[in-house]
Amino acid sequence: MSEARMDTLPPEENRRRLEALARIWDNAPGWRGQLTAVNHGTVGLRFIATGFAFLLAGGALSMFIRLQLAWPGNQVLDPERYAQFVTLHGTTMMFLFAVPIMEGFAMYLLPKMLGARDLPFPRLGAFGYWCYLFGGLFLYSGLLFGEAPDGGWFMYVPLTDATYSPGRGVDFWLIGVTFAEIAAVTAAVELIVMILLCRAPGMDIRRMPLFAWAMLVTAFMIAFGFPPLILGSILLEIQRAFGFVFFDVARGGDPLLWQHLFWLFGHPEVYIIFLPAAGVVSMVVATFARRPIVGYLWIVLALVTTGFLSFGLWVHHMFAVGIPLLALAFFSAASMAVAIPTGIQVFAWLATLWAGRPWLRVPMLYLVGFFITFVGGGLTGVMVALVPFDWQVHDTHFVVAHLHYVLIGGLMFPMFAGLYYWLPLASGRMPSESLSRTAFWMVFTGFHLTFLPMHLTGLLGMTRRAYSYPEQLGVHWLNLLSTAAGFVLAAGTIAILVDAALCFRHGRPGRRNPWRAGTLEWALSHPVPAYNFASLPVVADRYPLWRDRGLAARTMEADGLLGDPSSGRRESLGTSILGGVPEQVIRLSGSSWQPLLCALTIAVLLACFIAGFYLGSALMLVVLLGQFCTWAWTTGDRHAPATVQAGPRLELPVQYACRNAPGWWALVVSLLIDGSLFASLVFAYFYLWLGTDAWPPAPMHAGAGAGAWAALALLGVCWIASATSARLMRRGGGRALALPLGVAALAGAGFLWMQWRAVASGTGAPGEHAYASVVWTLAGFHAVHVAVAMVVGLFVAARGQRGYVGVERPLEQRIAAALWAYVAAQGVMAWGVIHLFPEWA
Ligand SMILES: [Cu+2]
């Protein structure tokens, strides 16, 4: 598309516009501004800084572990503390460092890289950050009470049930991790909508930077991969708190259910960590080879294939639990197959370097470390994918070595490459060349000398997670070497972080685009203004800055797209999903207390829960509901014009009137996540059914009686009433929504009552048998959805009364109706599982 610009803008007018943009987008001054900030630049940097703080905490724990293992019979920690440190180390690195840090990179970079002003849901991003911070602190606060979790980062039952872990340590883990995971899930929604809808005009899906592709696949993997873990944590927590029996063999439960749910998340997790890092590599390689990436399409295909394959591998963590041989063969083959797309990416990067004129600067140095380390980890990965070999080294230090090669090689080296690559953009300065090179060599040699020997100690029979080992094993010299080298690795990591922190203050001022990169984020001036681009760029290439020399300068003139700030609102552009054609002007919300307050309320709610003060939790739930309603009420703008002048010759609708509104896609993605949660629960039901002979067990008699059919009919009324709301609104405007959505809410209440009676009559108390536990949970899970749909429907009806919703702005009505349709469909499935299935089983 051609770029619409005014002829010339007088310099005076341009300066006035830039000042107005800064006023609209800057955070409020002082500490108040810090607490209310929602801008993606601020939130993204916070994610990154907090992630590094947790890296240091998790790293400090590992130093204690290494000291304990330095020689046989050591007593640096007592066995209990040791188990706590091992658990917290793994948990921190996986949940509080690896995933959040890459989300931080994505939140900071994607709007800049894709040519937008901000993420589509600024307050949601800030909310996720506070949940992440409070969840992490919650997890660590267990140490203060002397009740840190000690069941390993995988929390296997029965070790972690109320019998074998009676304290609160496991609860701190389950609740803290789930709290922190809110951030992962909200980030997934935010990033998917950002990448699909908010790219610069002209950036069709084939011109998207590879980091955005990697994040898109990753965000979808989070959407499908985290729900099984979240569900498993919830099930285990209600087993511990309320005496349900999902995992208790004596009453029809199965501990392996936990392992399946955990690894259904846990394996994709490895790729959730690796794919963003691969995206970073693709960006850095192209810049330092000084040519476009080779095999762009192949890399995209490899990313997508990896995303799919990684969900078919989880059982390879369970080769030793006694699974049919045919299944073992399948998962073994799938585990080896995933090496293929990864190999394709490695070859594409090498080919790019081969065909280009490589420039060995510090970010490239870290990539060399990545290539060597990651390929090593990949090779041992193929080895442990072989079932007999896995039986040999299972739960030994060989596996510890393998996973550190994959995770540190696949995440830390590319992430440090990315850190040094984008540091000049974020700080406007250049880091110290000598310090960063020294730190690299410390990290590189420290890492290999720590973990290479562990392959050997593992083959010699040293088991993982063990507190100590006998002298006769003959591995003490190797262990001493590992420990010593571990400290070199730690010192190198600290040096990198010190280097990065110093750079913001004392670095040598850098010029714009110091690496001469080709992607949009480098068009920005340093330090980056809060609004990113004065007028949004239009692109026609994968590397727009290489092709269009004047582009960077033009984005600093406020005479193009959305350059006119006279509306006084935060505005960004929405484009079509495939073609990148401008479709809508998205009006974003500004600084707000809501994200912080909501996260604080959740923290208090969970603290009450863990203290066993359930009344307090219930009270906080009411407060939270009120806060979410206030939050939602302040979105939208009933005075917004139907269309906005987006540029000199471009008039676009605001998002409330657009079919592809970000809010609509946020609903779609949220329902995907919720559907995955629901599917995990249904999986749990059928898994437990497979494990018992009598389902339901003898005294219980579930079935589809008259009450159950009446409940189903009422659910149908909910759906019909909400589906009619669109038609009534077209005739009578927003006020006409009260009738259909009110009827839906009433029918919903009736459904809840009838369903409660039907389940209660056919099912025993949840603690009696795993059958009763899972049926009550399934019914309760769906009941929560009905309640949410009722609240949302009534809320939208009230909004219709006040003029926020109507024929001109149908978005909220569409959301309410779609939510009811989803809840009804989920209800039909849950109903069939609860009331019909036992009649056939
Ligand atoms: Cu795996």
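Trainee: At what angle do helix 4 and helix 7 pack, and how far apart are their axes?

Mentor: This is a predicted model. Read a helix pair from its two axes. Here helix 4 (residues 79-114) and helix 7 (residues 210-242) pack at an angle of about 140°. Their axes are 11 Å apart.

Trainee: Is helix 4 oblique or roughly antiparallel to helix 7?

Mentor: Angles over 145 degrees count as roughly antiparallel. At about 140°, helix 4 is therefore oblique to helix 7. The handedness is a separate item: helix 4 passes helix 7 in a left-handed crossing.

Trainee: Which residues in helix 4 and helix 7 meet?

Mentor: From helix 4, the residues include Phe95, Val99, Met102, Glu103 and Phe105. From helix 7 they include Phe211, Met215, Ile222 and Phe226.

Trainee: How many nonpolar, polar and charged residues does the contact of helix 4 with helix 7 have?

Mentor: By class, there are 15 nonpolar residues, no polar ones and one charged residue.

Trainee: Next pair. How do the axes of helix 8 and helix 14 cross?

Mentor: Take the distance and the angle together. The axes of helix 8 (residues 255-289) and helix 14 (residues 397-427) come within 8 Å. They cross at roughly 40°, so the two helices are oblique to each other. Helix 8 passes helix 14 in a left-handed crossing.

Trainee: What meets what between helix 8 and helix 14?

Mentor: On helix 8, Val270, Ile273, Phe274 and Ala277 are among them. On helix 14, Gly410, Leu411, Pro414 and Gly418 are among them. By class, this contact has 15 nonpolar, three polar and no charged residues.

Trainee: Now single residues. Is Ser310 buried or exposed?

Mentor: Check the relative accessible area, then the surroundings. Under 20% counts as buried. Ser310 has 0%, so Ser310 is buried. Ser310 is found in the loop between helix 9 (296-309) and helix 10 (325-337).

Trainee: What lies 3.1 Å from a polar atom of the Ser310 side chain?

Mentor: The backbone oxygen of Gly307. Leaving aside neighbours within four places in sequence, Ser310 is also in contact with Met221, His267, Pro268 and Tyr271.

Trainee: Where does Ala789 lie, and is Ala789 buried or exposed?

Mentor: Ala789 lies in helix 24 (residues 770-801). Its relative accessible area is 1%, so Ala789 is buried.

Trainee: Which residues is Ala789 in contact with, leaving aside its neighbours within four places in sequence?

Mentor: Leu819, Trp820 and Val823.

Trainee: What separates the C-alpha atoms of Ala789 and Val294?

Mentor: Read sequence separation and spatial separation as two quantities. Ala789 and Val294 are 495 residues apart along the chain, and their C-alpha atoms are separated by 48 Å.

Conventions: Residues numbered from 1 in each chain as written. Predicted model: local features only at pLDDT ≥ 70, side-chain atom pairs only at ≥ 80, totals over all residues. Heavy atoms only, no water. Helix = DSSP H or I, 4+ residues; strand = E, 2+ residues; numbered from the N terminus. Buried < 20%, exposed > 50% of the residue type's maximum accessible area, 1.4 Å probe, protein only. Polar contact = N/O pair within 3.5 Å; in protein donor to acceptor, adjacent residues only side chain to side chain. Contact = heavy atoms within 4.5 Å. Axes fitted to C-alpha atoms, helices over the stretch in contact; angles between N-to-C directions. Parallel < 35°, antiparallel > 145°, perpendicular 65-115°, else oblique. Left-handed = near helix turned anticlockwise from the far one by under 90°. Nonpolar A, V, L, I, M, F, W, Y, C, P; charged D, E, K, R; others polar.
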